[in-house]
Amino acid sequence: MLLKYIVLCLTTICIVSVSGQSYEDKRCKCVCPSPAAVFNSSATTDHRRHYIANVPPNKCNCEGVILPRDGAEIKGREQEFCPRCECKYENRNTTIIKVVVIIVIWVIMLLVVYMGFLICLDPLINKRAKASYQEHTNEDDESTLSGPSQQMGLRGNVLNRVTHQQDKWKKQVREQRRNIYDRHTMLN
Amino acid sequence: MNSPVEEDIVDITPGLQQAADTTPTSHGTFQLYEHPGRTSSASANWDAVIFSGMQGDDDIPGIGQYDDFHTIDWQRDIARDRMRHRYIVKKRQDSLWDLIKGAHDAWSGWVCVLLVGVCTGVVAGVIDIGASWMTDLKFGICPQAFWFNREQCCWSSNETTFDHGNCSQWLTWPQVFGESRDGAGAYVISYLFYIAWALVFAALSASLVRMFAPYACGSGIPEIKTILSGFIIRGYLGKWTLIIKVVGLILSVSSGLSLGKEGPMVHIASCLGNILSYLFPKYGRNEAKKREILSAAAAAGVSVAFGAPIGGVLFSLEEVSYYFPLKTLWRSFFCALIAAFILRSINPFGNEHSVLFFVEYNKPWIFFELIPFVALGIIGGCIATIFIKANIFWCRYRKHSKLGQYPVTEVLIVTLVTALISYPNPYTRMNTSQLIYLLFNQCGISNSDPLCDYDRNFTDVNSAIEKAAARPGVYGAIGLLCLALVLKLAMTVFTFGIKVPCGLFIPSLALGAIAGRIVGIGVEQLAYHYPKIWIFSGECSTGDDCITPGLYAMVGAAAVLGGVTRMTVSLVVIMFELTGGVRYIVPLMAAAMASKWVGDALGRQGIYDAHIALNGYPFLDSKDEFQHTSLAADVMQPKRNETLAVITQDSMTVDDVETLLKETEHNGYPVVVSKESQYLVGFVLRRDLNLAIANARRTLAGLTGQSPVVFGGTAPPAGAASLPLSRILDMAPITVTDQTPMETVVDMFRKLGLRQTLVTHNGWCKD
């Protein structure tokens, strides 16, 4: 019960923190030199100004973004200042980014957990199962795969089939490892 | 053939030869293969009969497939497909259902490449987003939305900011631990975190590859080339390889190693092509047809890697493909288009393009500049040769020494050293794609790097950006870039070939871009200080910015990449698709050509061919010329006076055949009329023979070791106890005579994609 509450709280916190953000998918970004550098060339300060605004694409220019904000500073000299600015309209999709990154994290975690399982637990389990396990001999062909596995599906349960597939896969990986790491016949 | 009788027939008259030609070698099916375009109803009937026989092959599982590490028989597979196709065409008139099936068969190639394109685009988007996020994880985190990288985190700070007043949402690791952003302590913490994350990512990548799919390591292009030339590597294009390659690629790119994702992208696309082709039996069960899909998939891989669809198609044509009919060209085009479209809709970098380092140029170049461009080509060729030689030396050392026994340790050491020496230099610290973008770019207002520290005069409005004297920042940047060039070259030599997914397009582009930018700044300053000398022909005297260092970086990048891979056409197309400017084709072509010449003069092979040779893959390069002047009789196996293992048409028993299979290790056996008169009937593959016998033992009742094996297609003798094998017999094997010059034989192997050829002498089988 307590666990349930914690999980619920965590999810609500997540949702609130996510939805509370104002992550827009569109922006107009302008970069300008500082007005001081433009108007009196002696003062070459290096501070550029970045302006980010949420305006429609056709307003993404000096008139639409910079003048409303810093218009007072450059009053009357727009003709000089504006050509120095670079404006770019950009868009993105935050949902895709979020989903992709979370999927990537999940896949990596799953693989790491499975790797840990194969390294630590699997030898122990296999030792016990070895006695009862019968080696299938006619499985090195991919096309014969459908035959035996169907027959097995009739006889055994799903778990058996999974184990069978897993063993087959493990054998392949062992073969690959031998080619690459031991014999060095490939991919050097 | 070794009988003395055969020696007697050597000097025979044409008349006798013709007599020898009318031996059972020429058979009905022979003509069938020869005229694929026949559509008369009589032949259609005949085809249907043959094909129903072929369909019977399904009884014997595995016919038409190949063993691991074997080459495929293009001729046989293409003939099989033609049969199947003709059968479907004929059946189409029978019923509506057959018509639908025929239509499905006709468009399945297009559907398959459509699916491949869509999947490739999606996977490339995942890799791009994942890698850019994980790369920035080395520097800091966006606590409010951890899935954003630095750029995305500071996306919409709705305020006016300055250069170094970074956005508040993004926290660097020192800030996370309560330190200030700058200062010695912060630097040390950042450095440590950078190294730690790099090690974690590299260790994960290397161990995942080792644990789940060892075939996922490396770039994959040499192997794809070999596979497309007709070699079977089981599991190289499988599901696990795909998953691990994608995940491992994200991890290894993020670890800051000197590697790129473009080469592996081709491998990933080919994996997708292989997996999806199993949805369509036409391709999944025919290795030769499957390679058409794989060619298209390789094009899609380059298309998403560089955002260059046409470049991808040409890359597939020029670099990787072996058998590339026009139909495949169109499918590749379509596939590359779809993949680029999908990736562009995902918009992984938020710049409306599918690569990070897309630049847009519209500056003219002057004629004199061709000289530095060609010089860049020469420099690029030299850098590429150094790289190839050193890398091959190191890979050979790894292959034959104890170093190869510690793959994961090697990855960790390389990562540690790379991270240690990369961090202090800002140009090696940043992501290599970003570095390339920086170097390609023009120095505008938005570029705050020291590389653009010019003495600009802002007061004159009339010219946009005029040429200007370099200030100390530029010289400092050049020093750092020189250092970065040397370090990156060395690191890439050691990196390419370690056991994580790694490509070398990006590192070689970066090397060339660094060299090009340095040369470009040199020429630019020359033009600034001496604008009046004749070489600039007055074009630089007006005060306009006549030399663009970014363009030099681009040309240099093309030169090094061209020198490393020895691509020319596809490279130029890729580069101009990257820059969106057609006017730079001539400079790029000049540099690519110069670099290829220099590279060819200094070392014969490109990196992929060198790796193919190093690994000893059976790849018959169509670019090589064959110099020996031997005859087919000199090189054939067995030699002139050894006995040839043959199977007779109808006088051998099952036991005889099995003994033969046990005692010899040939891939196939010629079938002859009888031991005495070894007239060729056909050719049977060892694998097919094994499968057929095993299958017959399972299914055919009353089969004993004494049962005769009958290859004659005409009359199965009465009595159930014989094993008819006419259906696995290839009655139209490619034959040459023993006096054929070796050039012709090699040409036949190359152009027809042969697996073996039989050497005959007056119709008598020799090999």
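Predicted model: local features only at pLDDT ≥ 70, side-chain atom pairs only at ≥ 80, totals over all residues.
B:Asp98 has 10% relative accessibility, so it counts as buried, because the cut-off for buried is under 20%. B:Lys101 has a relative accessible area of 45% and is therefore partly exposed.

B:Asp128 pairs with B:Lys261 in a salt bridge. Their closest N and O atoms are 3.2 Å apart. B:Asp128 lies in helix α6 of chain B, while B:Lys261 lies in the loop between α11 (239-254) and α12 (262-277) of chain B. The pair therefore ties together parts that are 133 residues apart in sequence. Both B:Asp128 and B:Lys261 are buried.

B:Asp600 and B:Arg566 form another salt bridge, at 3.0 Å from N to O. B:Asp600 belongs to helix α25 (residues 585-602) of chain B, and B:Arg566 to the loop between α23 (549-565) and α24 (569-579) of chain B. So this pair ties together parts that are 34 residues apart in sequence. B:Asp600 is partly exposed, at 34% relative accessibility. B:Arg566 is buried, at 9%.

## A network and a total

Salt bridges also link several residues in a network. Its members are B:Asp81, B:Arg84, B:Asp105, B:Lys289, B:Glu292 and B:Arg331. Over all chains, the structure holds 19 salt bridges.

## Where two chains pack

Two packed helices are described by the angle between their axes and the distance between the axes. Here, helix α7 (residues 158-182) of chain A packs with helix α9 (residues 184-212) of chain B. The angle is about 120°, and the axes are 8 Å apart.

Which residues of α7(A) and α9(B) meet? From α7(A) come A:Trp169, A:Val173, A:Arg177 and A:Tyr181. From α9(B) come B:Val209, B:Arg210, B:Met211 and B:Phe212. By class, this contact has 6 nonpolar residues, 2 charged residues and no polar ones.

## A nonpolar surface patch

Five side chains of chain B form a nonpolar patch on the surface: B:Ile413, B:Leu416, B:Val417, B:Leu420 and B:Ile421. Together they have about 390 Å² of accessible area.

One of them, B:Leu420, is placed in helix α18 (residues 407-422) of chain B. Is B:Leu420 buried or partly exposed? B:Leu420 has 39% relative accessibility, so it counts as partly exposed.

Definitions and conventions. Residues numbered from 1 in each chain as written. Chains lettered and ligands numbered in written order. Heavy atoms only, no water. Patch = residues over 30% accessible without salt bridge, like charges linked within 9 Å, V, L, I, M, F, W, Y side chains within 5 Å. Areas by Shrake-Rupley, 256 points an atom, 1.4 Å probe, with all protein chains shown as cover. Salt bridge = Lys/Arg side-chain N within 4 Å of Asp/Glu carboxyl O. Helix = DSSP H or I, 4+ residues; strand = E, 2+ residues; numbered from the N terminus. Buried < 20%, exposed > 50% of the residue type's maximum accessible area, 1.4 Å probe, protein only. Axes fitted to C-alpha atoms, helices over the stretch in contact; angles between N-to-C directions. Contact = heavy atoms within 4.5 Å. Nonpolar A, V, L, I, M, F, W, Y, C, P; charged D, E, K, R; others polar.
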